[in-house]
Amino acid sequence: MKNPCVYIMANRRHGTLYVGVTSQLGARVWQHKNGVTQGFTSQYRVHQLVWFEQHETMASAILREKQLKAGSRQRKIDLIEALNPQWLDLYERILG
C-alpha cells in the first residue's frame, strides 16, 4: 500500500538535513541508508530518519515538501525537535 509522506533525514543532531517526499517511506529510507542511489544523502552520509509526516495525497505531500525546502533551517530543526527531541532514528519505528 502506498502512503504519501514527507520526511527529514539527518547525519547527526543539528547536522546536515535532507527533505524528501515518497509514497513508500520504509523502502525509500532503506535506499538512503544503503546508498542505493548516488547523490546528496550518500555524499554527506545522511542516513537517519528524524521526522516524517503522512499525507492523504501525493499532491499535498509534494506541496508540503516544497514549503519545507523553502523554509529556514531553524524551522526544520523546530519540527524535528517538537516530535523527536532526542533526534532518534525513526526507521525501526516505521517498520513496525
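**Group meeting: the aromatic pairs**

Hi everyone, let me begin with Tyr-7, which counts as buried at 1% relative accessibility; buried means under 20% relative accessible area, exposed over 50%, and partly exposed in between, with a 1.4 Å probe and protein chains only. Please keep in mind that this is a predicted model, where local features need pLDDT of at least 70, side-chain atom pairs count only at pLDDT 80 or more, and totals for chains, interfaces and linings use all residues. Residues are numbered from 1 along each chain as its sequence is written, and side-chain values use heavy atoms, leaving out hydrogens and water.

Now to the pairs. Rings of Phe, Tyr and Trp (its six-membered ring) pair if their centres lie within 6.5 Å; planes under 30 degrees apart are stacked, over 60 edge-to-face, and the rest tilted. That rule gives three aromatic pairs here. In one of them, Tyr-7 and Tyr-18 are tilted, at 6.2 Å centre to centre and 50° between the planes. Tyr-7 sits in strand E1 (residues 5–10) and Tyr-18 in strand E2 (residues 17–22), so this pair ties together parts 11 residues apart in sequence. Strands (E, at least two residues) and helices (H or I, at least four) are DSSP runs, numbered from the N terminus.

Tyr-18 itself is partly exposed, at 21% relative accessible area. Tyr-18 also pairs with Phe-40, this time stacked: 6.1 Å centre to centre, 25° between the planes. That links strand E2 to helix H2 (residues 40–43), 22 residues apart. Phe-40 is partly exposed too, at 36%. Finally, Tyr-7, Tyr-18, Phe-40 and Tyr-44 form one aromatic cluster.
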